[in-house]
Amino acid sequence: MKMDWLGRVRGAVLVGLAWAVAWALVAVLAGLIVDPDGSMDEMWVAIGAYPGFLCGVLCSAALGIAGARRRMEGVSLSGAGVRGAAVGLLVGVLPFIVGEPTSEIPLWQLGAGVVGSIALLSAVSAAVTVLVFRRAAWGRAPVTAGPKV
(Lines give C-alpha, C1' and ligand atoms only; values in the text may rest on other atoms or scores of the structure.)
Protein backbone atom coordinates (compact mmCIF):
# COMPACT_ATOMS: atom_id res chain seq x y z
CA MET A 1 0.00 0.00 0.00
CA LYS A 2 2.83 2.40 0.83
CA MET A 3 4.47 1.84 -2.55
CA ASP A 4 1.13 2.54 -4.23
CA TRP A 5 1.03 6.01 -2.63
CA LEU A 6 4.65 6.69 -3.53
CA GLY A 7 3.91 5.73 -7.11
CA ARG A 8 0.91 8.05 -7.20
CA VAL A 9 2.90 10.94 -5.76
CA ARG A 10 5.71 10.32 -8.24
CA GLY A 11 3.19 10.18 -11.07
CA ALA A 12 1.55 13.44 -9.97
CA VAL A 13 4.92 15.19 -9.81
CA LEU A 14 5.83 13.90 -13.27
CA VAL A 15 2.50 15.11 -14.68
CA GLY A 16 3.12 18.48 -12.99
CA LEU A 17 6.58 18.72 -14.54
CA ALA A 18 5.22 17.86 -17.99
CA TRP A 19 2.53 20.52 -17.66
CA ALA A 20 5.10 23.04 -16.40
CA VAL A 21 7.24 22.55 -19.50
CA ALA A 22 4.27 22.74 -21.86
CA TRP A 23 2.79 25.80 -20.15
CA ALA A 24 6.17 27.54 -20.09
CA LEU A 25 6.34 27.16 -23.87
CA VAL A 26 2.80 28.51 -24.23
CA ALA A 27 3.69 31.48 -21.99
CA VAL A 28 6.82 32.26 -24.02
CA LEU A 29 4.76 32.21 -27.22
CA ALA A 30 2.15 34.45 -25.57
CA GLY A 31 4.94 36.78 -24.46
CA LEU A 32 6.17 37.04 -28.04
CA ILE A 33 2.68 38.12 -29.08
CA VAL A 34 1.91 40.42 -26.14
CA ASP A 35 5.39 41.93 -25.86
CA PRO A 36 7.21 41.49 -29.18
CA ASP A 37 9.84 44.15 -28.47
CA GLY A 38 10.66 42.84 -24.97
CA SER A 39 9.82 46.10 -23.19
CA MET A 40 7.97 44.33 -20.36
CA ASP A 41 10.14 42.86 -17.64
CA GLU A 42 8.13 39.64 -17.38
CA MET A 43 9.66 36.22 -16.90
CA TRP A 44 7.37 34.43 -19.34
CA VAL A 45 8.79 30.99 -18.60
CA ALA A 46 7.96 31.33 -14.90
CA ILE A 47 4.53 32.78 -15.69
CA GLY A 48 3.67 29.51 -17.39
CA ALA A 49 5.74 26.98 -15.46
CA TYR A 50 4.57 27.70 -11.90
CA PRO A 51 0.81 27.49 -12.48
CA GLY A 52 1.38 24.63 -14.93
CA PHE A 53 3.17 22.55 -12.32
CA LEU A 54 0.60 23.33 -9.62
CA CYS A 55 -2.35 22.59 -11.92
CA GLY A 56 -0.71 19.37 -13.14
CA VAL A 57 -0.12 18.04 -9.65
CA LEU A 58 -3.58 19.04 -8.38
CA CYS A 59 -5.36 17.73 -11.46
CA SER A 60 -3.49 14.44 -11.25
CA ALA A 61 -4.56 14.18 -7.61
CA ALA A 62 -8.17 15.06 -8.48
CA LEU A 63 -8.26 12.46 -11.25
CA GLY A 64 -6.68 9.91 -8.92
CA ILE A 65 -9.17 10.57 -6.12
CA ALA A 66 -12.18 10.53 -8.42
CA GLY A 67 -11.16 7.34 -10.18
CA ALA A 68 -9.55 5.48 -7.31
CA ARG A 69 -10.01 2.08 -8.97
CA ARG A 70 -9.32 3.29 -12.52
CA ARG A 71 -6.06 3.99 -14.21
CA MET A 72 -5.49 7.39 -15.81
CA GLU A 73 -6.27 6.04 -19.30
CA GLY A 74 -9.70 4.91 -18.07
CA VAL A 75 -10.88 8.42 -17.23
CA SER A 76 -13.26 10.01 -19.74
CA LEU A 77 -12.04 13.02 -21.69
CA SER A 78 -14.98 15.13 -20.55
CA GLY A 79 -14.41 14.14 -16.92
CA ALA A 80 -10.73 15.03 -17.22
CA GLY A 81 -11.61 18.35 -18.85
CA VAL A 82 -14.11 19.27 -16.14
CA ARG A 83 -11.68 18.38 -13.35
CA GLY A 84 -8.91 20.26 -15.15
CA ALA A 85 -11.09 23.35 -15.50
CA ALA A 86 -12.06 23.20 -11.81
CA VAL A 87 -8.42 22.95 -10.78
CA GLY A 88 -7.58 25.79 -13.18
CA LEU A 89 -10.24 27.99 -11.58
CA LEU A 90 -8.82 27.25 -8.15
CA VAL A 91 -5.23 27.98 -9.17
CA GLY A 92 -6.25 31.02 -11.23
CA VAL A 93 -7.88 32.67 -8.22
CA LEU A 94 -4.81 32.19 -5.99
CA PRO A 95 -2.88 35.28 -7.17
CA PHE A 96 -5.87 37.48 -6.39
CA ILE A 97 -6.23 36.00 -2.92
CA VAL A 98 -2.57 36.32 -1.89
CA GLY A 99 -1.57 39.50 -3.70
CA GLU A 100 -2.68 42.87 -4.96
CA PRO A 101 -3.00 43.73 -8.64
CA THR A 102 -0.61 46.44 -9.74
CA SER A 103 -2.02 46.91 -13.23
CA GLU A 104 -4.12 49.73 -14.61
CA ILE A 105 -6.43 47.11 -16.10
CA PRO A 106 -9.72 46.86 -14.16
CA LEU A 107 -9.67 44.00 -11.68
CA TRP A 108 -12.60 42.16 -13.24
CA GLN A 109 -10.91 42.17 -16.68
CA LEU A 110 -7.58 41.07 -15.23
CA GLY A 111 -9.28 38.34 -13.20
CA ALA A 112 -11.33 37.10 -16.13
CA GLY A 113 -8.24 36.97 -18.34
CA VAL A 114 -6.02 35.21 -15.82
CA VAL A 115 -8.59 32.81 -14.36
CA GLY A 116 -10.16 32.05 -17.72
CA SER A 117 -6.90 31.34 -19.48
CA ILE A 118 -5.59 29.12 -16.68
CA ALA A 119 -8.89 27.20 -16.50
CA LEU A 120 -8.96 26.69 -20.27
CA LEU A 121 -5.33 25.63 -20.44
CA SER A 122 -5.82 23.27 -17.50
CA ALA A 123 -8.90 21.65 -19.07
CA VAL A 124 -7.09 21.11 -22.38
CA SER A 125 -3.98 19.84 -20.60
CA ALA A 126 -6.04 17.33 -18.58
CA ALA A 127 -7.71 15.97 -21.71
CA VAL A 128 -4.38 15.74 -23.54
CA THR A 129 -2.83 13.98 -20.53
CA VAL A 130 -5.55 11.33 -20.61
CA LEU A 131 -5.01 10.92 -24.36
CA VAL A 132 -1.27 10.46 -23.81
CA PHE A 133 -1.92 7.84 -21.14
CA ARG A 134 -4.36 6.06 -23.45
CA ARG A 135 -1.81 6.05 -26.25
CA ALA A 136 0.86 4.69 -23.91
CA ALA A 137 -1.50 1.96 -22.69
CA TRP A 138 -2.68 1.03 -26.18
CA GLY A 139 -0.21 -1.84 -26.57
CA ARG A 140 -0.61 -3.17 -23.02
CA ALA A 141 -3.10 -5.76 -21.91
CA PRO A 142 -6.06 -4.29 -20.02
CA VAL A 143 -5.80 -4.35 -16.27
CA THR A 144 -8.82 -5.74 -14.46
CA ALA A 145 -9.92 -4.29 -11.16
CA GLY A 146 -9.57 -6.80 -8.42
CA PRO A 147 -7.58 -7.67 -5.36
CA LYS A 148 -3.86 -7.14 -5.61
CA VAL A 149 -1.75 -10.15 -4.81
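Modeller: A pocket here is an open set of points on a 1 Å grid over the protein atoms alone, where a 1.4 Å probe fits and protein lies on both sides within 12 Å along at least five of seven lines. Let's take the second largest pocket, with a volume of about 1100 Å³, volume being the space filled by probe spheres set on points joined across faces, edges and corners. Bear in mind that this is a predicted model, where local features need pLDDT of at least 70 and side-chain atom pairs pLDDT 80 or more, while totals for chains, interfaces and linings use all residues. Numbering starts from 1 along each chain as its sequence is written, and side-chain values use heavy atoms, leaving out hydrogens and water.

The lining has 32 residues, each with an atom within 4 Å of a point. Nearest the centre you'll find Trp-44, Ile-47, Leu-110, Val-114 and Ile-118. By type, the lining comes to 24 nonpolar residues, six polar and two charged; Ala, Val, Leu, Ile, Met, Phe, Trp, Tyr, Cys and Pro count as nonpolar, Asp, Glu, Lys and Arg as charged, and the others, Gly among them, as polar.

Where do those residues come from? The protein has four helices and zero strands, a helix being a DSSP run of H or I over at least four residues and a strand a run of E over at least two. Helices α1 (2–34), α2 (44–66), α3 and α4 each give the lining at least two residues, and the largest share, eight residues, belongs to α4.

Now look at how α4 (residues 107–137) meets α3 (residues 77–98): their axes come within 7 Å and cross at roughly 145°, with axes fitted to C-alpha atoms over the stretch in contact and angles running from 0 to 180 degrees between N-to-C directions. That contact has 18 nonpolar residues, six polar and one charged.

Leaving aside residues up to four places away in sequence, Val-28 touches Trp-44 and Val-45, where a contact means heavy atoms within 4.5 Å. Trp-44 is also one of the residues nearest the pocket's centre. Between Val-28 and Gly-48 the C-alpha to C-alpha distance is 7.8 Å, although they're 20 residues apart in sequence. Val-28 has a relative accessible area of 31%, so it counts as partly exposed, the class between buried (under 20%) and exposed (over 50%), with a 1.4 Å probe and protein chains only. Across the protein, 30% of the 149 residues are buried.
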